[in-house]
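Hello,

Here is the structure for you to take over. My notes come after it.

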Amino acid sequence: MADDLSSFAKDVFLVKGLKNSTLVWRLVVLTFVMVVCGVYICFICLKQISTSSKVGFLDINVIQKPCPEPNIEPWEIPYVHYPNPKTYNRVECACNPVRYFAILSMQRSGSGWFETFLNSHTNISSNGEIFSVKVRRSNMSTIAETLDTIYNLDWVSSASKNECTAAVGLKWMLNQGLMQNHEQIVEYFRVHGVSVIFLFRRNLLRRMISVLANEYDRNAKLLNGTHKSHTHSAKEAEILAKYKPTINATLLMPNLKQVNDTTTKALEYFKNTRHIILYYEDVVKNHTKLLDVQDFLKVPRMDLKSRQVKIHKGSLSSQVENWNDVSKALARTPYESFLHEDDYRK
C-alpha cells in the first residue's frame, strides 16, 4: 500500500513538472510572437510615416504658384501668351505676358529703319526678315514651324533681350510667301493671336528709286567693296546717294500700278486680323506714331531711337538721271502727285 502511494505521488509530481514545463514554453513562444508582431507593426508605421513625408515633399515641388490674372479687357485674352521656350528657362519671366506681332511690308519701304526703333525698346524683340531665306517659306508647314520657333522665344538673334520680352515678332515682305499662302497665314494669326503692323510707303516713286539704287549697289558695292542696304553714318549715305538711277519711263506706270495693287490686296487679305496701318512718311514726320505702335503692342511707352541714316534726301528731280522722261510719263495720271510729294523730308 505504501508503495502504491509512493508511486502515485511520483506520478503527480511528474505531471505537475510536465505542466509547468509546457506553460513555460508557451510563455516563451507567446513572448517571441508578441516581440515579432511589435517589431513588424513598428516597421509598417515607420514606413507609412516616411512615405507620407516623401509624398508631401513631392507635392510641394510640383504645385506652382499660378500667375496673377492680367488686367486686360476680355477681347485681349487671345493676344496674351505665356511662352515656354525649349532652349532656355524663362522662369524669372514666366508670369510676364507676351504679345505676338508681324510687320507686313515691302522692300525699301522703311521696314528696316522702323524695326530698329522697335528693337531699341527693352521689352520688344523683332527678329528681322526671317523669310528672306527661301527654304523657310517653301510651304505652309515650314512657315508654321518657323513662326512657332519665333513666337515660342526660341529664335536666337541680335534682337533677343536681357529684360523680359513683352512683344516678339518679325518683319515679313509681301513677296516672301505671304501673299501665296495668305489664307493659311491668316488662320495661323487667328489661332495664335498674332497682331499685324502694316508698314507701306505712300510715294511709290521714291520707293522705286530706292529699289533701283539698292540693286545697283548690290553689284557695285560702293562702300569699300561692301554692299549695305542701310547706313549708319552721313558719310556712307552721301556716297550711296551719288548714284542716280535711270527709270524705264515706258514701264513706270505698270510697275507703280502693280505695287499699288499688291498693297491693296494685302490689306484686303489681312483685314480681319487685329492690325494697325502705318506709312513711312507719317512716321518720319511724326514720331508720335511710334507711341501708337507701343500702345498697339501693349508695352510701356519709351523714347525709341534708331541709328540708321536716311540715304536719299532732297527733291526727286535731283535723284533720277532721266527726270524729264519720268515727269512726262506721270503727268496727268493718278500718280502725278508722286512728283511733288517732298514735304516729309528730314
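Below are the ground rules, then the sheet, then the pockets.

This is a predicted model: local features need pLDDT of at least 70, side-chain atom pairs count only at pLDDT 80 or more, and totals for chains, interfaces and linings use all residues. Residues are numbered from 1 along each chain as its sequence is written, and side-chain values use heavy atoms, with hydrogens and water left out.

**Overall**

The protein chain has eleven helices and five strands. These are DSSP runs numbered from the N terminus (helices: H or I, at least four residues; strands: E, at least two). Of the 346 residues, 39% are buried (under 20% relative accessible area, 1.4 Å probe, protein chains only). Among contacts (heavy atoms within 4.5 Å) with a separation of 6 or more, 76% join residues 24 or more positions apart.

**The sheet**

Five strands make an open sheet, ordered E2-E3-E1-E4-E5, with parallel pairing. Two strands count as paired if DSSP finds at least two bridges between them. E2 (124–126) and E5 (275–279) are the edge strands, each pairing on one side only. From one strand to the next, the twist averages 20°. Axes are lines fitted to C-alpha atoms, for helices over the stretch in contact; angles run from 0 to 180 degrees between N-to-C directions.

E1 (residues 99–105) and E4 (residues 194–200) pair over five bridges. Phe101 stands opposite Ser195 in E4. Helix H3 (residues 140–151) packs on the sheet, touching E1, E3 (167–173) and E4. The direction of H3 makes about 145° with that of E3. Helix H10 (residues 288–297) also packs on the sheet, and touches E1, E2, E3, E4 and E5. Its direction makes about 165° with that of E4.

**The pockets**

A pocket is an open set of points on a 1 Å grid over the protein atoms alone, where a 1.4 Å probe fits, with protein on both sides within 12 Å along at least five of seven lines; lining residues have an atom within 4 Å of a point.

The largest pocket holds about 820 Å³, taken as the space filled by probe spheres set on the points, which are joined across faces, edges and corners. Its lining has 35 residues, with Arg108, Gly110, Trp113, His230 and Gln308 nearest the centre. H6 gives the most, with eight residues. By class, the lining has nine nonpolar, 15 polar and eleven charged residues. Nonpolar means Ala, Val, Leu, Ile, Met, Phe, Trp, Tyr, Cys and Pro; charged means Asp, Glu, Lys and Arg; the others, Gly among them, are polar.

The second largest pocket has a volume of about 290 Å³.

Best wishes

Note on methods. Buried means under 20% relative accessible area, exposed over 50%, partly exposed in between (1.4 Å probe, protein chains only).
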